[in-house]
Each structure stands twice: as structure tokens, then as C-alpha cells.
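Welcome! Take a moment to look over the sequence and the 3D view, and then we will walk through a few details together.

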Amino acid sequence: TVIFWFFLIGFLVKLPAIPVHTWLPDAHTDAPTAVSIMLAGVLLKMGGYGLLRITVGMFPDITIDHAGIFAILAVVSILYGAVLTIRQTDLKRLIAYSSVSHMGLVLLGVASVGFMNRDFMAVGLTGASMQLFTHGTISALLFLAVGLIYDRAKTRYIPDLGGLSRTIPIISGSLIIAGLASLGLPGMSGFVSEILVFLGSFKAFPLITGLSVFGVVLAAGYILWMFERSLFGPTKQRFSQIRDASLIECIPLALLVITILGIGIYPAIVVDVFESGIDPITALITR
């Protein structure tokens, strides 16, 4: 149990989860765009991978005994992370705090082991794995679009922005697609992972899962608020002549958009792959 807790604390910091999340916003704010993309798209996911492969895979019985702790940490991370996100006025810090909220869904998926039903565990753990992948692509597109906006507008302060959808429609459209996927719009990859997590965890922790679903409502609030303040409304004079994405910049934007929409429309492309990796783990969770 002591070894389990050492692993768990390390992975929670890496994920990150409340209350060991405080390093993430500053890291994203100070990092250049490429580093933010790698940090959100790849490095954070090592925490979730460790939870699934080591915490659950090596300590299945102890994980079952501590499923309630996973669930509590999950709902706190989802809701408190969303409330913190709503208060942000910097585009990169807003996305960074939203990552804290969305990584709480990974913990909720892991908490599905508490129901001790292999089918529901498989759904919940597959949803957690999918959340790692889909959030990686969505957050990468968010940070890329914000980085391109900052390169042109020279500011990430939301009250100073406005009307960018008229002058940089490609970048703005990419940001909108990523934001809608982040809030879990059906037809996009974020919805697939979130619904799997909720379906898998509901039998184990119905109240906590119900509260966690409210995080989707808060996500819609801060994402749509960010759209309204930065992309729509009257165009400010100093942004009237900025240029849109170049052909080279459109390539990564298009690849990420295709991935997000493709998985949202036909999720079996990757769900089957994750299920094949989760099945050996769920087979271990027996008493």
C-alpha cells in the first residue's frame, strides 16, 4: 500500500490533479507554443498512462479499495478546475486550467473499478484512455491556435481581443472546433471519451458521476465566453490588418481538425485499439 501511494502521488502531480496542479498554469504560460503543445499533448498523458498501467495494472486490489479516493479527487478536479478556468483572462492560462478539469475525467474513469463489474470497468478504463488521447489532440489544437493568435495580436489578454473571426477566420475556426470538442459536443472526439467515462463510472459512484457531468456545463460556459470575448464582436482597429494562417501553418491545423472530427464521427478507429490494451488490465481485477 505504501508503494501504491508513492506511485499514485507521483502520477497525480504529473496528470495533474487538484491539489497538486499548481505547477501547470505557470509552466504553460511561460512556455513557447511548441513546448505547450508537447506538454499538454504528450507529457501530461504519462501521468494517466502510469495510473492505468502501474497503479491499476500492478496493484488491482489496492486500487479497488481506494476507488472512492479516485472518485473524490476526480469530482474536485473537474468542478474546481472548471471554476478556476472561468476566472482566467489569459488564453493560455484558461486552456491550462481547463486541462486540470479534463484530466479529472481520467481519474473518474479509473474510479469505475469500484463497481467490480468487468464490463463497466472496461468501459470506464477505455474512456479514461480515450480521454488521454482526445484531450491530447484537442489541447494541442487549442494551444496552436492561441499561439498563432499571439504571434499576430501580440497579446493573450482576453479583454484586449475581439472580432478576430473576421480578420483571421482559419485560425479562429480552428480554435472554435477545438473549443467545441473540449466542451464535449457530440460528433467530436471529446464527446466520445467523456460519455465512456460517465457510463463506466455511474454504477460505481452515481452521485459523484452526476456532479462531474455538471463540469460539462461549466466547460460550455468558459469556452463560449472565451469565443464571445476574443473572436466575435466589433473588430478592434489594431487587429484589422493582421494576416491569417499561412499554408505551412494550415497543415498542422488541418491534421488536428481531421483527427478530432474523424474520431468523433467514427470512434471505433481508436476505441478498439484501447480496448485491446485495457482487457488484460480488467482481467487482473478479480478477488
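Let us begin with a single side chain in this predicted model. The side chain of arginine 156 makes a polar contact with the side chain of aspartate 90, at 3.2 Å. To find arginine 156, look in the loop between helix H8 (118-153) and helix H9 (164-167). Is arginine 156 buried or exposed? Its relative accessibility is 14%, so arginine 156 counts as buried, the cut-off for buried being under 20%. Leaving aside neighbours within four places in sequence, arginine 156 is in contact with Thr29, Thr89, Asp90, Leu91, Lys92, Val146 and Tyr150.

Now for the helices. Two packed helices are described by the angle between their axes and the distance between the axes. Here are two pairs to compare in your viewer:

| Helix pair | Angle | Axis distance |
|---|---|---|
| H3 (residues 33-43) and H4 (residues 45-58) | about 10° | 6 Å |
| H4 and H14 (residues 268-284) | about 20° | 9 Å |

With that angle, H3 is roughly parallel to H4. Where do H3 and H4 meet? Ala40, Gly41, Val42 and Leu43 in H3 meet Lys45, Met46 and Gly47 in H4. The residues of this contact of H3 with H4 comprise four nonpolar, two polar and one charged.

Moving on to the other pair, H4 is roughly parallel to H14, and the crossing of H4 and H14 is left-handed. On the H4 side, Leu52, Arg53, Val56 and Gly57 meet Gly277, Ile281 and Leu284 in H14. By class, the contact of H4 with H14 has four nonpolar residues, two polar and one charged.

Technical notes. Residues numbered from 1 in each chain as written. Predicted model: local features only at pLDDT ≥ 70, side-chain atom pairs only at ≥ 80, totals over all residues. Heavy atoms only, no water. Helix = DSSP H or I, 4+ residues; strand = E, 2+ residues; numbered from the N terminus. Buried < 20%, exposed > 50% of the residue type's maximum accessible area, 1.4 Å probe, protein only. Polar contact = N/O pair within 3.5 Å; in protein donor to acceptor, adjacent residues only side chain to side chain. Contact = heavy atoms within 4.5 Å. Axes fitted to C-alpha atoms, helices over the stretch in contact; angles between N-to-C directions. Parallel < 35°, antiparallel > 145°, perpendicular 65-115°, else oblique. Nonpolar A, V, L, I, M, F, W, Y, C, P; charged D, E, K, R; others polar. Left-handed = near helix turned anticlockwise from the far one by under 90°.
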